[in-house]
Amino acid sequence: MQAMVLKKLRTPLAWTELADRAPGPGQIRLQIAACGVCRTDLHVVDGELPHPHVPIIPGHEIIGRIDALGAGVDGLKLGERVGIPWLGHTCGVCPYCRAQRENLCDDPLFTGYTRDGGFATATVADARFAFPLGETGSDAALAPLLCAGLIGWRSLVIAGDGKRLGLYGFGAAAHILAQVAAWQGRLVYAFTRPGDHATQNFAKTLGVAWAGGSDDMPPEPLDAAIIFATDGALVPLALQAVRRGGRVVCAGIHMTDIPRFPYSLLWEERQLLSVANLTRQDGIDFLALVPQIGIVTKTNLYPLQQANQALDDLRAGRFEGAAVLVP
Ligand SMILES: [Zn+2]
Ligand SMILES: [Zn+2]
C-alpha cells in the first residue's frame, strides 16, 4: 500500500510505500476509493491538537471496499462499500460509553489522528465503526458526508429545532448542512468572511434565505447559530445574532481564543455549547436520511499524491465545498 504520511508535525506529508496490513480480530481492511479532506486534518498537520501522534496517516472521511475480514467480524462482507469516520474506536465500558455518549469516551481512537487514516490506498479499521453505504452515490460525493456531514448533523441536533439557523463559516460542513436544514423547512443564514462574495453566492445557490459577512447582523434574530469557522471572535458575534433563549453551537475541534465579551450577550438564557466527535448512532441517523434529502456535495478532486496541495487550498479557502483525495 501507499500513503501520504505525516512524519513530523508542521511538515508536508510524504508519499510512502508501506507493507500491506492484515486485519486483526474484529477489524476489516479496505481498498480506499476516496477520502475527504477536513479542516481537522489541517489541525493534525499543524500540531494544534493535544497529544499528537507521528508518524500518522491523516484522513477520516474514508470510502472504500472491504478486501479482507479479520476474525469474528459480523454483518460485513467482502466487496461491500463502507465509510470510516473520525470515531475509530471506543472502550465500551467507561461512564460515557455506557451513557450513549461514546463521542466523549475516556479511551477512544480517532481515525487519522491517533490511528492511521485514509490518505492512503488501503487502511485497516475496527469493523464496529464502519458504516455500510450501499451502492447509491459516487465514492467522492459520499466522502464529505463522513465528517463534514456527520459533525454538521450532530451540531444541528444540538442546535435544537428553531426555524432560523445561522451558519458561520460556509465550507464543507455548512454546504451540506444548509441542504439538510432547508429540507427540514428551516431558514438558513450563511455567514462568510466579510467581503467573500464568491462564497456568499455559492451559499445562495444552495437555497439559503440570506448570505452576508460574519460582521453583519442577520435581518432577523436567529433561533440558533452553528460556528464551523475556527475564529473565536465569531462567538460574541453569534451570541449577538441569536434571540433570547437562542443557542450558539461551536462545531470545530479547535478554535482561537474567544475575546472578552459583556455578560449581556449571554444573558436572557442564551446558551453556548460545543460539539465533540460523533457517536455511531449519529452516523446511522444521518446516513439513513441522506438518500431522502438528496444532498448534493460539491467536491474538488485531487490525486492522493497531491494531498499537500489539497491541504494548502483548504487553508487558503481556494475552493467551495469539499476537497476529496482519490488514490
Ligand atoms: Zn468509553
Ligand atoms: Zn473532520
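1. Beyond its neighbours within four places in sequence, Ser-155 is in contact with Ile-226, Phe-228, Val-249, Ala-251 and Val-275. The model is a predicted one, and in it Ser-155 has its place in helix H4, where a relative accessibility of 0% puts this serine in the buried class.

2. If residues up to four places away in sequence are not counted, Arg-154 touches Asn-103, Val-275, Ala-276, Asn-277, Leu-278, Thr-279 and Asp-282.

3. How do the axes of helix H4 and helix H8 cross? The axes of H4, residues 148-159, and H8, residues 280-293, come within 10 Å and cross at roughly 105 degrees; since angles of 65 to 115 degrees count as roughly perpendicular, H4 and H8 are therefore roughly perpendicular to each other. On the H4 side the contact is made by Gly-149, Leu-150, Trp-153 and Arg-154, which meet Asp-282, Gly-283, Asp-285, Phe-286 and Leu-289 in H8. Sorted by class, this contact of H4 with H8 has four nonpolar, two polar and three charged residues.

4. Helix H8 also packs with H5, at an angle of about 75 degrees and with the axes 11 Å apart, which makes H5 roughly perpendicular to H8. Here Ile-176, Gln-179, Val-180 and Trp-183 in H5 meet Phe-286, Leu-289, Gln-292 and Ile-293 in H8. By class, the contact of H5 with H8 divides into six nonpolar, two polar and no charged residues.

5. The next point concerns the nonpolar interior. In soluble globular proteins, nonpolar side chains tend to be buried together. The largest nonpolar core of this model has 93 residues, and those with the most contacts inside it are Ile-28, Phe-119, Leu-167, Phe-170, Val-180, Ile-226 and Phe-286. The helix that gives the most to this core is H5, residues 172-183, with eight residues. Apart from this core lies another, of 16 residues, including Trp-210, Ala-225, Ile-227 and Leu-239.

6. Phe-170, listed among the residues with the most contacts inside the largest core, can be described through its neighbours. Leaving aside those within four places in sequence, Phe-170 is in contact with His-175, Ala-178, Ala-190, Phe-191, Thr-192, Thr-199, Phe-202, Ala-203, Leu-206 and Val-208.

7. Ala-307 and Leu-325 are 18 residues apart in sequence, and their C-alpha atoms are 6.7 Å apart, whereas Asp-161 and Ala-172, eleven residues apart in sequence, are 22 Å apart from C-alpha to C-alpha. Ala-307 lies in helix H9, residues 307-316, and counts as buried at 0% relative accessibility; not counting residues up to four places away in sequence, Ala-307 touches Met-4, Leu-13, Phe-119 and Leu-325. Asp-161, by contrast, is found in the loop between H4 and strand E10 and counts as exposed at 73% relative accessibility.

8. Some backbone details are worth checking individually. A cis peptide bond, with omega about -5 degrees, joins Val-54 and Pro-55, and Pro-55 is placed in the loop between helix H1 and strand E4. His-51, found in the loop between H1 and E4, is a residue other than glycine with a positive phi, near 55 degrees, and is exposed, with a relative accessible area of 66%. Arg-10, too, has a positive phi without being a glycine, its value being near 60 degrees; Arg-10 is found in the loop between strands E1 and E2 and is exposed, with a relative accessible area of 56%.

9. As for accessibility, Cys-91 counts as partly exposed at 26%, whereas Cys-94 is buried, with a relative accessible area of 5%.

Definitions and conventions
Residues are numbered from 1 along each chain as its sequence is written. Chains are lettered from A and ligands numbered from 1 in the order in which they are written. This is a predicted model: local features need pLDDT of at least 70, side-chain atom pairs count only at pLDDT 80 or more; totals for chains, interfaces and linings use all residues. Side-chain values use heavy atoms; hydrogens and water are left out. Axes are lines fitted to C-alpha atoms, for helices over the stretch in contact, and angles run from 0 to 180 degrees between N-to-C directions. Helices (H or I, at least four residues) and strands (E, at least two) are DSSP runs, numbered from the N terminus. Angles under 35 degrees count as roughly parallel, over 145 as roughly antiparallel, 65 to 115 as roughly perpendicular and the rest as oblique. Contact means heavy atoms within 4.5 Å. Ala, Val, Leu, Ile, Met, Phe, Trp, Tyr, Cys and Pro count as nonpolar, Asp, Glu, Lys and Arg as charged, and the others, Gly among them, as polar. Buried means under 20% relative accessible area, exposed over 50%, partly exposed in between (1.4 Å probe, protein chains only). A nonpolar core is a set of buried Ala, Val, Leu, Ile, Met, Phe, Trp, Tyr and Cys residues joined through side-chain atoms within 4.5 Å.
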